[in-house]
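Dear colleague,

I am passing on the structure below, and after it you will find my notes on what turned up. Please read them with the coordinates open beside you.

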Amino acid sequence: MRNNYPQNCTLKVKSNIVVAGTSLSGFCTSLGAGASLYFTGTECTKVVYTSSSSGSTGYPRESYSTVNIVRSIISLDWSRLSSVASFEFHIPDLLPSSMHYKDGNGSYCCVNYQLKLQLGREIIEVVPIQIISRPSCNLPAPYVEDHTRRRIMLAYCVPKGSIETSIKVDDTRLGTGEILKIWLELVNNSSVDIKRISCKLFEQIDWHSCGHYTSDTTIVASKKLSGLAGMKCNTATKPTKVKAIRPSNSDHKLINSITFEAFLRVPEHTLHTSTGNLFEIKHYLCIDVQ
């Protein structure tokens, strides 16, 4: 019975926010050599879906799934002269970050980590641990797309010429609070004016449970570009007489082009890009020209 256990047992950690690949340390007291300490991690998902049978209207149902990511026993170093046991445990390198996401329909996905102190089969104390995934590499990973022609369609079917773009992103590996730098070079060879250009950073989360899938996409950061005075339609030159694409060379620019620069700050609440057994989180940049 729980009443037979010491009432002043304590489980303490140096910090409950830990980066994957580093060490988690702390101590526990007043339990003796029969105590066990576990580090556990789980993925949990819930998908709300509509089920219907022949001749009847659909009704909402719920599906739940749980997958264990990690379960490790942590050795306790009991001192002979004290009732205090210290521990230090290496967090696996490739664990996804702790997170909890819920959409507007009641579906959710989450990744949870815990320290569990047990005596026998009874759980004495549970301490939540927040894991931050380890960056894959500290080196920048730029993205460059040179001199690409894009067709302009009115109502998805009437051709209106084309625009040509060159896009550069200084680094595609960013953390929360960091700045995404974007360079856009554009020339308008179409018969329509460009009125608005915006850069948007999207976050897409896909998860599933027992064969039922759901997804949610949100804009985590956006920026409207200014200085569109030179983006009028090309009425003086026919598109067939314009050099649409020049050789891919960083020293060459598009003919009659205008260069834009934008900075997007990754918000603190942005989830980390990762892939688990039941979910996937990905981010992508969209440049919207209207």
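The residues lining the largest pocket divide into 20 nonpolar, 11 polar and 8 charged, where Ala, Val, Leu, Ile, Met, Phe, Trp, Tyr, Cys and Pro count as nonpolar, Asp, Glu, Lys and Arg as charged, and the others, Gly among them, as polar. This is a predicted model, in which local features need pLDDT of at least 70 and side-chain atom pairs count only at pLDDT 80 or more, while totals for chains, interfaces and linings use all residues. Residues are numbered from 1 along each chain as its sequence is written, and side-chain values use heavy atoms, with hydrogens and water left out.

The volume of the largest pocket is about 1200 Å³, and of the 39 residues that line this pocket, Thr172, Arg173, Leu174, Gly175 and Thr273 are the closest to its centre. A pocket here is an open set of points on a 1 Å grid over the protein atoms alone, where a 1.4 Å probe fits, with protein on both sides within 12 Å along at least five of seven lines, and lining residues have an atom within 4 Å of a point; points are joined across faces, edges and corners, and the volume is the space filled by probe spheres set on them. At least two lining residues come from each of β11 (143-154), β12 (158-169) and β18 (279-289), with β18 giving the most, 6 residues. Strands are DSSP runs (E, at least two residues), numbered from the N terminus.

Aspartate 206 counts as buried at 18% relative accessibility, whereas lysine 282 is partly exposed at 32% (buried is under 20% relative accessible area, exposed over 50%, partly exposed in between, with a 1.4 Å probe and protein chains only).

The whole structure holds 5 salt bridges, among them glutamate 145 with arginine 150, whose closest N and O atoms are 2.1 Å apart. Another joins arginine 265 to glutamate 268 at 3.3 Å, N to O; arginine 265 is partly exposed at 46% and glutamate 268 exposed at 52%.

Lastly, cysteine 210, in the loop between β14 and β15 (212-224), has a positive phi near 55 degrees, although this residue is not glycine.

Best wishes

Conventions. Helix = DSSP H or I, 4+ residues; strand = E, 2+ residues; numbered from the N terminus. Salt bridge = Lys/Arg side-chain N within 4 Å of Asp/Glu carboxyl O.
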